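Look at the sequence and the structure that follow. The paragraphs after them go through a few features in turn.

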Amino acid sequence: MPQTSVRPARSDGEFADVFARRARTPLRGFLPGRRVWSAVGGSAAAVVVIAGATALVARIDWSGGPETVTTTAAAKKADATKQGSAKADGDTATTAPSAAASAGKDKGPDVVYLPPPGGYGSGTSVGGPASSASGSGSRSGSGTSSGGTAAGDAQKSASQSAGATPQQSTPYMSSDGSVVADTNNYWDQSLVTVKSTKALSGLKVVFKIIQTGGVANTGTWSSLADKVSVSSGASSGELDYVITLKSGVTLEPGTYSFAVQYNHAPGHRDAGGDRYNVTTTSTTSVTEYGKGGF
């Protein structure tokens, strides 16, 4: 006999559908609520803040900075001073028998500057003539140390310098200028005389004749003849002459004359503005200068 299928009731299908569907929302009471999550997050934030503050406070130096260092350095210095004092006291106590020797050692410089047994001459520095004379006597009489030799060399150099100074400071050249008197009212002659006590390797004489009206060159004259060369020039204000000793010529000590000649306006001419310059060089290369008027 054929069986007929039993069709489930509607209520059974609805029950299966309920269990077949996925739950979309959690059931109330199985998961923490919003308040719980807020409390947990706040606690975590508080822990982080407290940990950061603790680390920051731990990094602060509460030792006092420079004051502590200064105090420590002062304390170390005081300790070192105490130790030095204690050591000095110990040394003093140990070396008390040699106090006299120590006192003598402290006065070492006084002993250095005392004169040697040979007298003041062998140990003094270069001074006046008296000290120089005594020093030289000590050198010739007995052997000296290297210091004494240096002092002697210094004395010798000073003596040489002293001997050379008068040679340079004492002039060896002198000069004089004048106008040769004559009866010619249109012509004059200015003369320069140079005197040297040393041989000369160089000589130059320069004349400056002021233009007083009609002044014109008419020639020159010299006691050295062709040993000198002559040049002249004129301007609106003056007439110039330059007389120079030729190269390679040497003059013995003596007196030398140089004259320049010129025309001028009729009558007496005033030579108050005329000038001359003289330059000489000795054979020892000492140069001197002279100048003057007429």
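Does Phe207 count as buried or exposed? The model is a predicted one, and in this model Phe207 counts as buried because its relative accessibility is 0%, where the cut-off for buried is under 20%. Phe294 has a relative accessibility of 22%, so Phe294 counts as partly exposed.

These two residues also belong together in another way. A pair of aromatic rings is described by the distance of the centres and the angle of the planes. A search of the whole structure gives three aromatic pairs. Phe207 and Phe294 make up a stacked pair, with 6.1 Å from centre to centre and 15 degrees between the planes. This pair links distant parts of the chain, since the two residues are 87 residues apart. Phe207 lies in strand 3 (residues 200-210), and Phe294 lies in the segment after strand 9 (287-293). Ring pairs also bring in two tyrosines: Phe207, Tyr241, Tyr276 and Phe294 are linked into a cluster.

Tyr276 leads on to strand 9, where Gly292 stands opposite Tyr276. Strand 8 (residues 275-282) and strand 9 run antiparallel and are joined by seven bridges. The two strands form a hairpin, with four residues between them. In the turn of this hairpin, Ser285 has a positive phi of about 65 degrees.

Next comes a sheet. Strands of a sheet pair through backbone hydrogen bonds, either parallel or antiparallel. Which order do the strands take in the open sheet of four strands? The order is 1-2-7-4, and the pairing is antiparallel. Strand 1 (173-180) and strand 4 (216-222) are the edge strands, each pairing on one side only. On average, and with direction ignored, neighbouring strands of this sheet are turned by 15 degrees against each other. Inside the order, strand 2 (residues 187-196) and strand 7 (residues 254-263) are antiparallel and joined by ten bridges. Val194 stands opposite Tyr256, which is in strand 7.

The last topic is empty space. Rolling a probe the size of a water molecule over the atoms shows where such space is left. How much space lies in the second largest pocket? The volume is about 190 Å³. Residues that line this pocket include Val179, Val180, Ala181 and Asp182, as well as His264, Gly267, His268 and Arg269. By class, the lining has four nonpolar, five polar and three charged residues. Asp188 and Ala271 are also among the lining residues.

Methods
Residues are numbered from 1 along each chain as its sequence is written. This is a predicted model: local features need pLDDT of at least 70, side-chain atom pairs count only at pLDDT 80 or more; totals for chains, interfaces and linings use all residues. Side-chain values use heavy atoms; hydrogens and water are left out. Rings of Phe, Tyr and Trp (its six-membered ring) pair if their centres lie within 6.5 Å; planes under 30 degrees apart count as stacked, over 60 as edge-to-face and the rest as tilted. Buried means under 20% relative accessible area, exposed over 50%, partly exposed in between (1.4 Å probe, protein chains only). Two strands pair if DSSP finds at least two bridges between them. Axes are lines fitted to C-alpha atoms, for helices over the stretch in contact, and angles run from 0 to 180 degrees between N-to-C directions. On a 1 Å grid over the protein atoms alone, a cavity is a set of points where a 1.4 Å probe fits but cannot get out, and a pocket is an open set with protein on both sides within 12 Å along at least five of seven lines; lining residues have an atom within 4 Å of a point. Grid points are joined across faces, edges and corners, and a volume is the space filled by probe spheres set on the points. Ala, Val, Leu, Ile, Met, Phe, Trp, Tyr, Cys and Pro count as nonpolar, Asp, Glu, Lys and Arg as charged, and the others, Gly among them, as polar.
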